[in-house]
Amino acid sequence: MLDAYLSKKGHPSALSHEEWERLRDALIFDSEGHARPAAHERYLVFQRKLDQLRREHGIEVSVKTWVLPQNPGRAAFGSDALQALEKIQNARNALNAVYDSLKGKIPSRRACAWICITDLAVNSGISDPDVLMCVATAAHERIGLLVIGEEVHLEVCREGRTLEDGPVKRFLVSARSLPLLDELATPSKAKLYERNAEDPYVAPLVSAFGLPNGASIESGVSWLCHWSDHYNGLHRPGIQGGVLSGRIATYSLSRTDLVAARFGERLLPVMKPDDKAEASVADASDGIRDPNWRKHHKDKGLEDALDARSLLFELRHALNRFHDRRQDEGKGKDTGKSDKAASAQKIRQKSPHFTRADASAAMRSAIRRASSSVPKNIFLLANWAVYLLEKGTRWRKEVAGSTVKRYMDTLTSGFKALSHSIDITNADPEEVTDFYQHVIDPTLAGSDSEDTREPKEAQQYVLDRLVEFHRYAERFGAVSPYWDQISQGLSNSAVSPGFVSVDEYLLALERLCPDPRDATPSQLQRGFFLLLLHRFGVRGQEAIHLSMRNWVELADTVVLIVDHRHLRLKTPGSRRKVPLLEPLTSFEREVVEAWFDFRKGSTDFSSKARLLVNVDGVTPVSDLSDLRAHVTAALRWATNNPDIKPHHARHSLGSVAGHLTLVEPWNLHHVWATCTPKKIEFNGHVRKLLLGTEAPTRRAIWAISRLLGHSRSDTTCTSYLHFLLDWCSQTSRGLPDCQLSGKAKRKLARVTYLDNEARAPKPQLDPASSLTPEYQPLSAAVAMEYLRSRSRGVSSARAGTGTFGRLSHESQTTLESRIGEVALRVSQHLPVAPPDPVAHLAGLVPEIRWPALLALAKQCDAKNLHLPVAALEQVTPGMQLILGNKEHFNRVKELQTRLGLHPNDIAVRVPARPRSEMELLLKGAGLEKYLETAPAKGKRHRIDPYTSKDADNPITYQHRFAVVVPPGSGSVFTDGLGLLVLWACVASSDLG
């Protein structure tokens, strides 16, 4: 048709652009505008003709491209995806027929494997080849079975790890497959693939798959993964297809965390032998020593101290001796009978009786002889090697000497090169992260040679060894690094799923800060730190480097801005704005207000200063290790989980935000019930807050990544969104023909029935516990800081908390009343009495003068300067100190002596006609050189009136002296106000 049409038109170059368009439409569409049969093939013929004209005649023809319209929902999928439903349905029908023929019997292990992998793929939607091959090969050490009510779950861990170590992937499976999975999870010496005839239960499945008779189970796994993956792509949300196929690596919560997320309860921890507790006995004697250890052991013949290189050489030598002996013994078993005696004699001559215990003793001896200059990280590495060698005697699982040597050699080069600059037991998470990254990839240290970069497989091996080493190092105080940053591009073997519910978080917060209205600064700091971790998901290092301006309150919510003013962030993605997803509770609001009042009254309260300031008021950066230690203890107490860490509070925010953003509203309660708000409208609020819309969008996962400060979404899915597999399980329930329901069989040996597991009781706060704050006694410095807080607008109740600690209610009330008397006296001249006289008096002092006054108050405490409460009577409305008797003169003399005041600091004002006895008191106190200079002619220095409260002298003295501050003298007091405030603080702190 095409050639005939072109021949009628003459040469093809004679056709116009419109004629080429009409020719293309005539080939593809009929007269009614519908696509002709085989329209796509017709269009391809047309395109090939245009290509021929271009090559042979140089004719360039430009027409619009055209594709065959498809169903918009399936346009992105290939032809296999369109056939997936039929393939999966055929497999389901064959599987149902096999289950019917079983009638409750347990077939051969080979048949169990075929049936189980088919059930997992077609009903549970699992298309991850690693999971299916784990079941197909009956890797019982990696398989766990869990029953919750009538729900049956399969747990699978990574190769080379155990279920106890984790992390695990948990899938919802059919109840009818439980007995078969239990058979595969039971250790057996029988060969899985051993068969003498065709299995009647396997043949229907192989036939339904379209595989040849006698096909291997590997081919069955490949078929199931292929078609199940396509089926998931069409019938599930896109992220679920990636999760179930293993392309998106993610892990489930531990069992106790799962119970907390679903039911708001905790499992009772099972008491079992702990390798950490057992190892601590051996490590306490000659483990990680203090650098000054050798100074106290000069008399023990340790002149031959080993440096780091020699220490590692001695350790390798001991492992080699033990390793060589084991090899020779193995070779001796293979020799003939005539050579056995000679071989045994050769072994005894080479290393007589060098057992595992001998190797351990030799290694410990080398550690004891090590020099104090050996870096602590090398000591940790050496003790870890000894622990690995001895671990077999405690766990009945020997670790070969060659394995220990290989593990140690893997980390040795990086540790030797970098340990001089960092001690991981005294470093923050960022420093430990950098150290481990350099150990994994030496090119980060600045090496120019590309040959130094190890392949990904080798880097993965180093990462796995670092994870094992760090578990050992944690007992010596090493903080956890950011494993998600270390493992970028690798399979993260250090994923540590964890969950802290809102109720548990509030309980831990109350333990850290029982009463915000009567809390010490340290309690407020720890509580506010935990609030930042759980409510905003910031990292610990980010929390202590936030600025005050990063806390932005808008109406009834808060937005936290994470920037790089005080901290160099790891990636640009770490710069973010984190909104408060749920309003603060009244208790949380009290913690926040109390912390801000402390920060406002006792520290640098500028907008650029740190939000989480140190409570000592001196160092600007808070002690992160101290905060982590206290928050960790509170979280473990609240969750009854010894594995919980502060970083899991950040995990919890990510999981909850993802749960409310990704999961369908009707499915929320079935995934994690405790994370589901009582009002379903709250789910829409969170979506609108994070996404700007409540409509479905592909930006949801990226919104969670931005909330947590991740530059890559795979980090978020792998290490933080621990609900994804539970979401997939609940989605499977709603798919047509997925048979997951049923009654789970009871009393199976390898199955854990969670309903029968004991629940931990709810932790209860003890009102009379040691968490009651330790109150500080009154002192001049405490009173001065109290006044500074009052000058900054802090209430009297909140001003009792400062860098000094916390005042008791009685001390705070006493201090307020004593200074209040002076404040009322000073404000007598005002036309209207101030509503808060103490705040008014403190507000008269300029902010710039408070540091000098605080320094003087501390000097008074250091010099043991004490004034009785009666000294407050000497203060007058004109900010003078009246000298009316001998006691008055003695008090001023003591002040002058203890502080070393000079005549330009204070002056004694005398009346025009002083009384002789007053002049004698002045000379007796040695204050005659402090007399004020005579006033200019025509001027008069006035002395304020004074009424004595002494019963013996009730009248007003007409002839009295007064202490004033010389104007313009450059005194430390500047004016009489500074002297008045100092005098009032010293006298108000009198405990007598």
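Predicted model: local features only at pLDDT ≥ 70, side-chain atom pairs only at ≥ 80, totals over all residues.
Local features need pLDDT of at least 70, side-chain atom pairs count only at pLDDT 80 or more, and totals for chains, interfaces and linings use all residues. Numbering starts from 1 along each chain as its sequence is written, and side-chain values use heavy atoms, with hydrogens and water left out.

**View 1. Helices α21 and α25 pack against each other.** Here α21 (residues 502-512) meets α25 (residues 624-639) at about 130°, with the axes 8 Å apart; helices are DSSP runs of H or I, at least four residues, numbered from the N terminus. Axes are lines fitted to C-alpha atoms, for helices over the stretch in contact, and angles run from 0 to 180 degrees between N-to-C directions.

**View 2. Who touches whom between α21 and α25.** From α21 come Glu504, Leu507, Ala508, Arg511 and Leu512; α25 brings His630, Val631, Ala634, Leu635, Trp637, Ala638 and Thr639. Contact means heavy atoms within 4.5 Å.

**View 3. An open antiparallel sheet, in the order β4-β5-β6.** Strands are DSSP runs of E, at least two residues, and two of them pair if DSSP finds at least two bridges between them. β4 (551-554) and β6 (576-579) are the edge strands, each with a single partner, so one side of each lacks a neighbour in the sheet. Neighbouring strands are turned by 25° against each other on average, direction ignored.

**View 4. β5 beside β6, with α22 packed on the sheet.** β5 (residues 557-562) pairs with β6 over four antiparallel bridges, and valine 562 sits opposite arginine 576 in β6. Helix α22 (residues 521-536) touches β4, β5 and β6, its direction making about 65° with that of β4.
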